[in-house]
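I opened my notebook to keep track of what I looked up in this structure. Here it is, ready to browse alongside my entries.

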Amino acid sequence: MNENRSDCGKKPKITLNSDTALVKELQDELKAKDGYCPCRRKRIPENKCMCKEFREQIADPDFEGFCHCRLYYKSKG
């Protein structure tokens with residue numbers, strides 16, 4: 001069955017938080033932690049920005065919202 005789906009092949013839209021002060025603070029913290037999420041204690045590959053948790057959320061077509069530290073926002077499209 002060949003369905004014509006308008007969302008087929010669409011990439012999710014990822015944007016920075018609109019709070020520029022928060023973005024600056026988080027980016028400074030990311031630099032200080034060598035790119036690891038400022039909200040996570042362990043420096044493991046899963047916590048390297050963009051963290052594994054958010055990459056998995058990005059892959060979910062029904063997810064819309066912020067990453068754990070609120071730096072990035074995923075829109076459905």
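**Entry 1: the loop between H1 and H2**

I started with Asp 34, which sits in the loop between H1 and H2. Helices here are DSSP runs of H or I with at least four residues, strands are runs of E with at least two, and both are numbered from the N terminus. Asp 34 is not a glycine, yet it has a positive phi of about 55°.

Before going on, I noted that this is a predicted model, where local features need pLDDT of at least 70, side-chain atom pairs count only at pLDDT 80 or more, and totals for chains, interfaces and linings use all residues. Residues are numbered from 1 along each chain as its sequence is written, and side-chain values use heavy atoms, with hydrogens and water left out.

Next I looked up Asn 47, which is also placed in the loop between H1 and H2. Is Asn 47 buried or exposed? Asn 47 counts as buried because its relative accessibility is 11%; the cut-offs are under 20% relative accessible area for buried, over 50% for exposed, and partly exposed in between, with a 1.4 Å probe and protein chains only. I then listed what Asn 47 touches, skipping residues up to four places away in sequence: Gly 35, Tyr 36, Cys 37, Arg 40 and Lys 42. Contact means heavy atoms within 4.5 Å.

Met 50 lies in the loop between helix H1 (20-32) and helix H2 (52-59) as well. I checked the peptide bond from Cys 49 to Met 50 and found it cis, with omega near -10°.

**Entry 2: the whole chain**

I stepped back to see the chain as a whole. It has two helices and three strands, and from the N terminus on the elements run β-α-α-β-β. Of its 77 residues, 26% count as buried. I also looked at contacts between residues at least 6 apart in sequence: 33% of them join residues at least 24 apart. The chain exposes about 5900 Å², and carbon and sulfur atoms supply 48% of that. These areas come from the Shrake-Rupley method with a 1.4 Å probe, and for residues only the protein chains shown count as cover.

**Entry 3: the core**

Which residues make up the largest nonpolar core? I wrote down 12: Val 23, Leu 26, Leu 30, Cys 37, Cys 51, Phe 54, Ile 58, Phe 63, Cys 67, Cys 69, Leu 71 and Tyr 72. H1 and H2 are the elements that give two or more residues to this core, and H1 supplies the largest share, three residues. Such a core is a set of buried Ala, Val, Leu, Ile, Met, Phe, Trp, Tyr and Cys residues joined through side-chain atoms within 4.5 Å.

I followed one core member, Leu 26. Apart from residues up to four places away in sequence, Leu 26 touches Pro 38, Cys 69, Arg 70 and Leu 71.

Arg 70 has a positive phi of about 75°, although it is not a glycine. With a relative accessible area of 42%, Arg 70 is partly exposed.

**Entry 4: the cavity**

The largest cavity holds about 70 Å³ of space. A cavity is a set of points on a 1 Å grid over the protein atoms alone where a 1.4 Å probe fits but cannot get out, and lining residues have an atom within 4 Å of a point. The lining is Cys 37, Cys 49, Met 50, Cys 51, Phe 54, Cys 67, His 68, Cys 69 and Tyr 72. I sorted these into eight nonpolar, one polar and no charged.

**Entry 5: Ser 75 and Glu 64**

Last, I visited strand E3 (residues 72-75), where Ser 75 lies. Ser 75 counts as buried because its relative accessibility is 17%. Neighbours within four places in sequence aside, Ser 75 is in contact with Pro 12, Lys 13 and Glu 64.

Glu 64 lies in the loop between H2 and E2, and is partly exposed, with a relative accessible area of 40%. How far apart are the C-alpha atoms of Glu 64 and Ser 75? They are separated by 5.2 Å, with the two residues 11 apart along the chain.

Key. On a 1 Å grid over the protein atoms alone, a cavity is a set of points where a 1.4 Å probe fits but cannot get out, and a pocket is an open set with protein on both sides within 12 Å along at least five of seven lines; lining residues have an atom within 4 Å of a point. Grid points are joined across faces, edges and corners, and a volume is the space filled by probe spheres set on the points. Ala, Val, Leu, Ile, Met, Phe, Trp, Tyr, Cys and Pro count as nonpolar, Asp, Glu, Lys and Arg as charged, and the others, Gly among them, as polar.
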